[in-house]
Amino acid sequence: MAVMEPPVPAAAGEDARRPAIPGRPEERPASPVSSHTEWDPLEEIVVGRLEGATIPSGHDVVTCNVPPWAGRLQGLAAGFRYPRLLVEKAQEEIDAFVVLLRSLGVTVWRPDAVDHRRRFATPDWTSRGFCNTCPRDSMLVIGDEIIETPMAWPCRYFETHSYRPILKDYFRRGARWTAAPRPQLTDELFDPGFTVPGPGEPMRYILTEFEPVFDAADFVRAGRDLFVTRSNVTNRMGIDWLRRHLGPEYRIHEVPSRCRTPMHIDTTFVLLAPGKVLVNPEYVDVDALPAVLDSWDVLVAPEPDPIKDRLLKVTSMCGKWLSMNVLMLDEKRVVAERHHTGMLRALEKWGFEPIPCDLLHYAPFGGSFHCATLDVRRRGPLQSYVD
């Protein structure tokens with residue numbers, strides 16, 4: 001394993017297992033959905049939307065996962081719309097990002113605008129919504145299949161409904177569309193005595209194993225191999241559900257995280273190209289990575305450039321390592337945040353072609369380029385990239 005410091009398609013197998021319907025030919029059109037890795041040439045993508053964004057309703061599973069100052073602010077403002085001052089700047093940046101993607105020949109789809117302040121309920125609890133800025137969390141693309149994920153935040157329970165027109169269109173054109181078991185999200189799922197583990201304490205999580213829950217953003221894909229971090233939104237039952245659902249054609253490897261409040265792998269462990277992975281030196285012990293990566297180059301992320309904007313410091317839902325949240329257009333070209341010049345220089349040194357873009361003000365809504373997108377079609381076959 002070299003550590004570098006900074007400067008046959010699945011659908012065929014599924015069709016073979018599905019019984020034929022008497023008198024009806026088993027034909028399905030070629031799927032418009034096809035994505036096996038984080039780096040194959042990008043052709044089609046879904047980008048999130050800011051309209052209707054609402055500050056998440058109060059719940060321990062929400063506040064335990066965001067920076068302390070953001071958690072305190074969220075507790076006071078839960079259920080209200082995001083201030084216009086935050087929305088307008090982020091809107092300007094996400095619109096420019098969409099223009100950039102289309103100029104590069106990528107087909108871009110957007111979800112419906114939704115009033116997330118509307119209250120909804122199950123027999124056990126009520127909540128308002130959040131936003132649909134980050135499709136990466138609620139949907140996972142594996143080959144020609146889109147999987148709706150069972151997310152642990154109550155305020156995100158119906159988030160994929162804003163994507164339903166897109167999902168139905170893909171399904172009609174031949175894609176496979178699956179929804180994981182909808183979770184109950186009752187008190188049994190959450191540890192009532194949870195506290196964030198301190199330095200040196202054994203790792204613990206707010207989630208119990210009451211039912212399967214996971215966010216898609218805790219997984220990244222390298223063909224037949226997926227990598228996951230267990231977190232405060234993804235439990236072992238969720239990982240096991242996906243492992244059984246995908247079957248023996250795929251392997252899922254856990255990447256241990258030293259983060260005390262883990263949530264989403266894409267600021268911890270980022271697949272950039274065949275044989276190249278970017279890791280967070282604060283969260284990842286390179287000697288504890290899965291053995292299948294022994295022949296890969298491990299690229300250590302540089303220290304992020306500091307954020308000087310005081311409002312962003314207070315309102316960001318993400319940690320400082322959002323500098324790692326990049327979007328690969330292919331094995332060389334990568335969209336990265338313009339502000340993080342250290343990351344841009346490191347990517348160039350490692351042989352990539354960074355395309356600087358602004359999305360710094362998206363952080364109060366949950367992420368950056370990888371979070372804000374769902375790549376539904378990349379040009380490349382299903383294969384193995386690891387030992």
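Let's start with helix 9, residues 341-349. Its buried residues are Gly-342, Met-343, Leu-344, Ala-346 and Leu-347. Buried here means under 20% relative accessible area; exposed is over 50%, and partly exposed lies in between, with a 1.4 Å probe and protein chains only. Helices (H or I, at least four residues) and strands (E, at least two) are DSSP runs, numbered from the N terminus. What covers those buried residues? Strand 12, strand 13 (276-279), strand 16 and strand 17 are included. Contact means heavy atoms within 4.5 Å. Just after helix 9, Gly-351 takes a positive phi of about 100°.

A word on the source. This is a predicted model, where local features need pLDDT of at least 70 and side-chain atom pairs count only at pLDDT 80 or more, while totals for chains, interfaces and linings use all residues. Residues are numbered from 1 along each chain as its sequence is written, and side-chain values use heavy atoms, with hydrogens and water left out.

The overall numbers. The protein has nine helices and 18 strands. Of its 387 residues, 58% count as buried.

Next, helix 7, residues 236-246. Gly-238, Ile-239, Trp-241, Leu-242 and Leu-246 are buried there. They sit on the same side of helix 7, because they cover an arc of only 160° around the axis. That arc is taken from the directions from the helix axis to the C-beta atoms. In general, an α-helix has 3.6 residues a turn, so residues three or four places apart point the same way. The cover over helix 7 includes strand 6 (139-142), strand 7 (145-148), strand 9 (219-222), strand 10 (225-228) and strand 11 (251-254). Just after this helix, Gly-247 has a positive phi of about 80°.

Three strands form an open sheet in the order 15-16-17, with mixed pairing. Strands pair if DSSP finds at least two bridges between them. Which strands are at the edges? Strand 15 (327-328) and strand 17 (353-357), each pairing on one side only. Strand 15 pairs with strand 16 (residues 333-337) in the antiparallel sense, over two bridges. Met-328 stands opposite Val-334 in strand 16.

Two loop residues are worth a look. Leu-185 has phi near 55°, a positive value in a residue other than glycine. Leu-185 is in the loop between strand 8 (176-179) and strand 9. At 3% relative accessibility, Leu-185 counts as buried. His-264 has phi near 80°, also positive and also not a glycine. His-264 is in the loop between strand 11 and strand 12 (269-273), and it is buried at 9% relative accessibility.

Last, salt bridges. The rule is a side-chain nitrogen of Lys or Arg within 4 Å of a carboxyl oxygen of Asp or Glu. By that rule, the count is 27. Take Arg-136 and Asp-375: their side chains meet at 2.7 Å, N to O. Arg-136 lies in helix 5 (residues 135-138) and Asp-375 in strand 18 (residues 373-378), so the pair ties together parts 239 residues apart in sequence. Asp-144 forms a salt bridge with Arg-176, the closest N and O atoms being 2.9 Å apart. That pair links the loop between strand 6 and strand 7 to strand 8, 32 residues apart.

Back to Asp-375. Its side chain also meets that of Arg-221 in a salt bridge, at 2.7 Å, N to O. Arg-221 is in strand 9, 154 residues from Asp-375. Arg-221 is buried, at 4% relative accessible area. Asp-375 is buried too, at 1%. Salt bridges that share partners join Glu-38, Arg-136, Arg-221, Asp-375 and Arg-378 into one network.
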